[in-house]
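Hello,

Here is the structure I promised to pass on to you. Please open it beside this email and keep both in view while you read.

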Protein chains: 2
Amino acid sequence: MIREKKMINFNAGPAALPEEVLQQAAEAVRDYNGTGLSILEIPHRGRLFDAIMEESRHLVKELCGLNEDYEVLWLQGGRLQFAMIPMNFLPPDGTAGYVDSGQWAAEAMDYARHYGKAAALASSREQGYTFFPGLPSALPGDLAYVYLVSNNTIYGTQCRELPAVTAPLVADMSSDILSMRRDYTACSLFYAVAQKNLGTAGVTLVVIRKDMLPRICRTLPPMLDYAAHVRSSAVLNTPPVFAIYTSLLMLRWLKARGIDAVEKENRKKAAMLYEELDRNPLFHPLVAPESRSLMNVVFRAVNADAEKSFTDLCAANGIANIKGHRSAGGFRVSLYNSIPAEAVQELIAVMQETEHKQDHH
Amino acid sequence: MIREKKMINFNAGPAALPEEVLQQAAEAVRDYNGTGLSILEIPHRGRLFDAIMEESRHLVKELCGLNEDYEVLWLQGGRLQFAMIPMNFLPPDGTAGYVDSGQWAAEAMDYARHYGKAAALASSREQGYTFFPGLPSALPGDLAYVYLVSNNTIYGTQCRELPAVTAPLVADMSSDILSMRRDYTACSLFYAVAQKNLGTAGVTLVVIRKDMLPRICRTLPPMLDYAAHVRSSAVLNTPPVFAIYTSLLMLRWLKARGIDAVEKENRKKAAMLYEELDRNPLFHPLVAPESRSLMNVVFRAVNADAEKSFTDLCAANGIANIKGHRSAGGFRVSLYNSIPAEAVQELIAVMQETEHKQDHH
């Protein structure tokens, strides 16, 4: 153990990282691979960083099952993609279709309306975003793209199967990238902030199919133009070297485990927790079973007394960051790739202890 | 010494950091202040990160001598400011004035032309950017803003005194922020990437005077709107927590030394090196004396033989990253805040050794 006490951290992001990734990242800050330079000091043009970029891009392609039709970029600013996607791909007189599955999807749709028209193809807004809305069988024929958020962090809903659409599919996979097998080739563009399943805050993975580049519909300054980023091999300006390196460490960790094993563990963790929520009379999950996220489990306590008792017991047991999003309330437990099943078992034990304490009231 | 061998790193950015900053940053990756959480894992909404933001913003104001008229933001993407500045402050029918002092100034001017008109108020382009061009005494009266780059990393030129202009002054201070006393209140907006004088790659300091916010001339999506960043207290989306923390460590280091002492050391380092360049017959500086940068010293060897000999001797003595920018050639030695005078003395010793070796040919 390198830390005196180790918290169990269920934060929705920035999320917990595996101990070995933290150790390697800390060592690189001291001395990167015995070079006599810290990872914070290495030039972003030179063989040390080139090797980091090359390996990380290769691993993304390998783990996502992508061929040479795709370009891998590491950019800055997750939510900047909300603007860049319509800037690049939504002409002023065009319409993009959005799946209105939560706050970030709705906000991305608002961003799009600065650049063209955006239509909600499906929505669960009126139902408090408690399920992932399915697309209607018939869509408008001339959509610039269809945009969805594959996992809704705030509401704990997930799109388990990406829909087949004729327009280019654009997916915000920030909170479930590489957490399970997916057909990433269904997407023409997908992106993910790193700080949930893929590293630390400060970098955003953007994967784009090359045939999207000729569709760019505006003359944009380079920093806002996906084609310019591709042309510069994603080093248009000084990239966030340390954040990219931390993502590389996570990619190596994921590769060593294998995505199948990662998915199996993620399914096991979620199943254990949902089972307890369905059983334990003090708690109830908020999401319809078919939409339940493997990544973010959102629930409430049945009353304020149970809520307080559970909160206090978590704190006493070193379990941190289980509060729901400020817009949703209740509890949210994030089960990203780095979270071991043992952590979920400890949480369940605390839920059961809460139940027993309430029984004795 | 925490590193087996310590390189002398004169990189133009990402630049060397003080050993104590690296140690503290590495320790925070292991365990942030004994919390049982890594700095990579702490929530960006919560008291731990709030304290980092508050102290860092306070120190920026204190060290720059700013009052409550200014807002301090930590954003992502240095070069994104090239676009955000005209998007926010250059109306389609307006004109912004740029001081064409180098490649980044010229590129920022190109970005501005996507949004309105941009005029070069002064230029040293025809002279290979070997000096910092002074503004003419009379400027057009209706400029949206005047934009300059206070230090030109590629060419080794610096604007020692910010000009007095009636239009709002906007300054890219990426490579000389907090390296000397300056009247930062001459600026309505200034910004600096962190990876030179202020931390590591992945975050950009943006300081904006509040009276600029009502001048925002477009309806922009929040991520591109300075006012939205200010309203959100610069946490519009998940900020690059680790990069901001590293900047806080640098700000504490700068405060402990004091800006006057930092400036004195920076002047001493630059004077020593320019003196050697003026004396040593094997080298010549490329910049006119009145424009010589205290931060980036750009020079050439007199011939290929001297160039090779000097390059080899630097490598043999653990001196790294002295190659000039790919667009400029020759050598570039960056003397940012973190570089101790002893490192410059070692470099000068190698220059003199090169000279003696050449004498014996």
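Below I go through what was found, starting with the whole assembly and ending with single residues.

First, some ground rules. This is a predicted model, in which local features need pLDDT of at least 70 and side-chain atom pairs count only at pLDDT 80 or more, while totals for chains, interfaces and linings use all residues. Residues are numbered from 1 along each chain as its sequence is written, and chains are lettered from A and ligands numbered from 1 in the order in which they are written.

**How the two chains are arranged**

Two copies of a chain are related by a rotation about an axis and a shift along it.

**Where the chains meet**

How many residues are in contact between the chains? On chain A there are 56, and they are in contact with 55 residues of chain B. Two residues are in contact if their C-beta atoms, placed from the backbone, lie within 7 Å. The elements of chain A that give two or more residues to this side are α1 (19-30), α3 (80-89) and α6 (241-257). Helices (H or I, at least four residues) and strands (E, at least two) are DSSP runs, numbered from the N terminus. The most comes from α1(A), with 5 residues.

By class, the side of chain A that touches chain B has 29 nonpolar, 19 polar and 8 charged residues. In this count, Ala, Val, Leu, Ile, Met, Phe, Trp, Tyr, Cys and Pro are nonpolar, Asp, Glu, Lys and Arg are charged, and the others, Gly among them, are polar. Of the interface residues of chain A, 98% are also interface residues in chain B, so the copies meet through the same surface.

**Two domains in chain A**

Chain A is divided into domain 1 (22-257) and domain 2 (259-359), with bounds that come from an automatic or database domain assignment. The C-alpha centres of these two domains of chain A lie 28 Å apart. Their contact takes 22 residues from domain 1 of chain A and 23 from domain 2 of chain A. On the domain 1 side, β7 (157-158) and α6 of chain A each supply at least two residues. That side of domain 1 of chain A divides into 8 nonpolar, 10 polar and 4 charged residues.

**How helices pack**

Two packed helices are described by the angle between their axes and the distance between the axes. In chain A, α2 (residues 47-64) packs against α6(A) at about 40°, with the axes 9 Å apart. Axes are lines fitted to C-alpha atoms, for helices over the stretch in contact, and angles run from 0 to 180 degrees between N-to-C directions. The helices α2(A) and α6(A) are therefore oblique to each other (angles under 35 degrees count as roughly parallel, over 145 as roughly antiparallel, 65 to 115 as roughly perpendicular and the rest as oblique).

The crossing of α2(A) and α6(A) is left-handed, a term used if the near helix is turned anticlockwise from the far one by less than a right angle, with right-handed used if clockwise. Among the residues making this contact are A:F49, A:I52 and A:L59 of α2(A) and A:I244, A:L248 and A:L251 of α6(A). By class, the contact of α2(A) with α6(A) has 11 nonpolar, 2 polar and 2 charged residues.

In chain B, have a look at α1(B) and α6 (residues 241-257), whose axes come within 10 Å and cross at roughly 145°. The crossing of α1(B) and α6(B) is right-handed. Residues that meet there include B:V21 and B:A25 in α1(B) and B:L249 and B:W253 in α6(B). The contact of α1(B) with α6(B) has 7 nonpolar, 2 polar and 1 charged.

**Backbone details to find**

The peptide bond from A:G13 to A:P14 is cis, with omega near -5°. You will find A:P14 in the loop between β1 (8-9) and α1 of chain A. In chain B, B:G13 and B:P14 are likewise joined by a cis peptide bond, with omega about -5°.

Finally, A:L178 has phi near 55°, a positive value in a residue other than glycine. Look for A:L178 in the loop between β8 (169-172) and β9 (189-193) of chain A.

Happy exploring!
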